[in-house]
Amino acid sequence: MQQREEYLSWEMTRLLQELEQGTQELAQRTQEQSGFAWGALLFAALRQWQFWAVAGVLLLLFRLCCWLRKRSQEVDSSSDEESSSKEDDSDSDNDLGRLFAEHIQWPVQNLARDCQVVKDLIDNFILVFQENLSNSFFPVLEPAIGVGSAFEGWSPHEEDIIYRLLVPLKPPRGHAFHLELGNRGETPAWYSYVRVELVCTCMREQLAGEMLCFLHHPVEELRRDQGPSLLRTLCTGSYLDVQKTARWFYQLVQEAWVVLPQSSTWRLTMSPSSRSCKFRVTEGNNKSHIIEMMFGVQQGNSDIFVSSQDTEALFTPSTTWPESYAVAEAKFFRHMARQVPHDSIHLRCLQAYARILVGTGFSTYTLKTVVMHLLNTIPLSGWRRRHFVLRMDDTMRYLRRCLEERRLDHFFLGNESVPEEIILPPDFQMAEPLNLFQHLVQDPAAHAEAMREHMYLRQRFMRLLLYGH
Ligand SMILES: [Zn+2]
């Protein structure tokens, strides 16, 4: 409490100094550049303007101080839940939260509309692929699932938003997929593989008479009358190969584009990518979207996949399919969107954090994990617009505690309070929680740096509140 107050007054002094310095510099420059009375006149006007700006900033800071002091007293004197219900009741201080939320310059975007445009386009693509592939032994493509910040509704960008979609792959006729999952241990299961196995179709063939059994028909006959098996197209050894799959998909997109209705007025530009399929489409009105399609194989009937997405490892072999939580995360955000109040600011919090942590060692995934934990524990009525500063502050404190304890639990692994709507593989609840801050345990220097950066994050947050950007 005391620390916070000290910090705030320190911050206030510093900002004041900064403004004063700015005024002086401006005065100097004005004098240097023109000897006319004009300069003096302009300076006087600016000085007045700056004076009012300083006064406004000070007033805001003063109110923020009082407010945070009052809040800390409340937190001290009652349990968390009680304090959140109190927050709901006391309206007088809440205008400030709303004021700040509205004061910030948010990116101008129409994510809901643009996501729908992208989703419709990709649905069209998939329909064409399914048609083109119906007699082949390439993987069966299922409707794509929108994932990542754009589809979750908090992309921090205004332009060049990347729309990520995951296309689930199912084994074609006569084939089976077996997932070989890597150790979860200290990192997510990065080194997972998709083993492809041929399955006898002799019985099915007699019924339908449409395909030869890859296992029991003579090679000659297979070669003459039937396309190659998946093992001979997209696999390396008996493992599905990410890069071969990406190249295959790249071709599919190019071939399918010409038959899509959009191709008459839109433009398609492919981008190179070894583990996904990336391209840009430009609508008739010159609005463009960057789309990245990843591929995944579902674990059982769960929302957890192994996917083609890249890992943080320096080198990812082309047969590795790291475990991906992207679909479960997107589902969590969709689930939350249905539960939270209409003016919920949870996505704004994420957007604000994505902005202020640029240049620090904190990843947006770290902050997203923190916000997911908080969304799951703080009563949803406490996420209204007027609670914006409170929830930003909670996020900051939660992160601080995690740093002190050198422990941030992965949201899905070993977490018993994941909403039921999200289907996890049976071993997830039994699993040991995965510590995303494990590297801080082993590296004291990294830990010290992270603590320093947390202070910096606080400053950035204050600046965001004061300046709005
Ligand atoms: Zn057979």
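Author: Welcome! A residue here is buried if 20 or more other C-beta atoms lie within 10 Å of its own, exposed if 12 or fewer do, and partly exposed in between, with C-beta atoms placed from the backbone. The model is predicted, so local features need pLDDT of at least 70 and side-chain atom pairs count only at pLDDT 80 or more, while totals for chains, interfaces and linings use all residues. Residues are numbered from 1 along each chain as its sequence is written.

Reader: Which element of the protein chain has the highest mean pLDDT?
Author: pLDDT is the predictor's confidence in each residue, from 0 to 100. Its mean over the protein chain is 84, and 77% of the residues reach 70 or more. Elements are DSSP runs numbered from the N terminus: helices (H or I, at least four residues) and strands (E, at least two). Helix α3 (residues 80-89) has the lowest mean, 43, and the highest, 98, belongs to β7.

Reader: How many contacts beyond four places in sequence does the model have for residues 76-90?
Author: Two residues are in contact if their C-beta atoms, placed from the backbone, lie within 7 Å. Over residues 32-36, pLDDT stays under 50 and the model has two such contacts beyond four places in sequence. For residues 76-90, where pLDDT also stays under 50, the number is 12.

Reader: What distance does helix α9 reach from its first C-alpha to its last?
Author: The expected span of a helix is 1.5 Å times one less than its number of residues. Helix α9 covers residues 242-257, which makes 16 residues, and the expected value is 22 Å. The model comes close to that, with a reach of 22 Å.

Reader: How far apart are the end C-alpha atoms of α5?
Author: In α5, the buried residues are Cys115, Val118, Leu121, Ile122 and Phe125. What covers them includes α9, β9 and β10. With 23 residues at 1.5 Å a residue, α5 should span 33 Å, which agrees with the end-to-end distance of 32 Å.

Reader: Is Asp160 buried or exposed?
Author: Asp160 is found in the loop between α6 (148-152) and β3 (162-170). Although Asp160 is not a glycine, it has a positive phi of about 55 degrees. With 10 other C-beta atoms within 10 Å, Asp160 is exposed.

Reader: Which residues does Leu464 touch, not counting those up to four places away in sequence?
Author: Leu464 lies in helix α16 (residues 444-467) and counts as partly exposed, with 19 C-beta neighbours inside 10 Å. Leu464 is 360 residues from Ile104 in sequence but 6.9 Å from it in space, C-alpha to C-alpha. The residues that Leu464 touches are Ile104, Ala352 and Ile356.
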